[in-house]
Amino acid sequence: MEPGRAWGRTACVVTGASRGLGQSLARLLAARLPPGSALLLVARSAGPLGQLEGELRAARPGLLVRGLPADLGSEEGLRRAAEAGRELREAGPLQRLLLVNNAGSLGDVSKTFSDFTEPGEVNSYLNLNVTSALCLTASILKAFPAQPGFSRLVVNISSLCALKPFKSWTLYCAGKAARDMMFRVLAAEEPDVRVLNYAPGPLDTSMQEEARTLSADPELRQTFLRLQESGQLIECDVSAKKLLDLLAADTFESGAHVDFYDT
């Protein structure tokens, strides 16, 4: 997709943008969005986020790029991200909104179901992985209401774990399943919003390293170790490109769960 060929001027928000899939998406989007577009990058890690912001600004001077260090698991961080998203309206005449809910965490996979007896730990996980995605999406959609000639697209970075239980991944599976259903409801309620639940496959990231070293279930650890040793982990750039190609083709059913391996 050439810059601007498939999309017009776009207000784009990517959460969890400082590393992994989010960072790859930020770079690919910066290369593809036409001049006059705005790209808001949200992440907890201020250092890497600032470096990425500077890199993209230098590479695409016609693109408004802003990095926002914020912890979406806190009410203050979520408020700041929602406010920054609303401010994208000031970028000028826009034709599209794209919100990619990528921020998330694995949770403590060294524990099994019966180990989660403390509500604070569970609630903290859900605040970042479920609550923030719901509230940020709702806030930004309100800031960019439906109007003729303006399209809205929301992506939830999902996982096979939204559909299948993984032993010792109680929090991660629960969070991903909740997010998938949450965004399916959005698709049902607002037919003018295009919604995609995209499972990027087993990515070669630090989260994957945690999975194969810390998971309480030995069989799961071995499964991920074999993927890593056999070179079957997916590079973030490859999966990010697959996602952007899916969005450009725009043939998916709104609210659908689409896996990297499905196409």
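I started with the second largest cavity and asked which helix gives the most to its lining: it is α5, with 4 residues. I take a cavity as a set of points, on a 1 Å grid over the protein atoms alone, where a 1.4 Å probe fits but cannot get out, and a pocket as an open set with protein on both sides within 12 Å along at least five of seven lines; lining residues have an atom within 4 Å of a point. Helices (H or I, at least four residues) and strands (E, at least two) are DSSP runs, numbered from the N terminus.

A note on the source: this is a predicted model, where local features need pLDDT of at least 70, side-chain atom pairs count only at pLDDT 80 or more, and totals for chains, interfaces and linings use all residues. Residues are numbered from 1 along each chain as its sequence is written, and side-chain values use heavy atoms, with hydrogens and water left out.

Back to the second largest cavity. I found Tyr125, Asn129, Tyr172, Gly175, Lys176 and Arg179 around it, and α4 and α5 each supply at least two of the lining residues. Its space is about 30 Å³, where a volume is the space filled by probe spheres set on the points, and grid points are joined across faces, edges and corners. By class I get 2 nonpolar, 2 polar and 2 charged. For the classes, Ala, Val, Leu, Ile, Met, Phe, Trp, Tyr, Cys and Pro count as nonpolar, Asp, Glu, Lys and Arg as charged, and the others, Gly among them, as polar.

Next, the cavity count: there are 2 of 30 Å³ or more. The largest cavity has about 40 Å³. Arg179 turns up in its lining too, with Thr15, Leu72, Asn101, Asn102, Ala103, Ser132, Ala133 and Leu136. Here α4 has the largest share, 3 residues. I sorted this lining into 4 nonpolar, 4 polar and 1 charged.

How much space lies in the largest pocket? About 1200 Å³. There are 50 lining residues, and the closest to the centre are Tyr172, Leu203, Thr205, Met207 and Gln208. The lining divides into 26 nonpolar, 16 polar and 8 charged residues.

The second largest pocket holds about 170 Å³. Both α4 (119–143) and α5 supply at least two lining residues, and α5 gives the most, with 5. Among the lining residues I noted Leu134, Leu141, Met182, Phe183 and Glu190. The classes come out as 7 nonpolar, 1 polar and 2 charged.

Last, the whole chain. I counted 8 helices and 7 strands. The radius of gyration is 18 Å, close to the 18 Å that the globule rule gives for 263 residues, so the chain is as compact as a globular protein of that length. That radius is taken over C-alpha atoms, and the rule is 2.2 Å times the number of residues to the power 0.38. Along the principal axes, the C-alpha atoms fill a box of roughly 55 × 40 × 35 Å.
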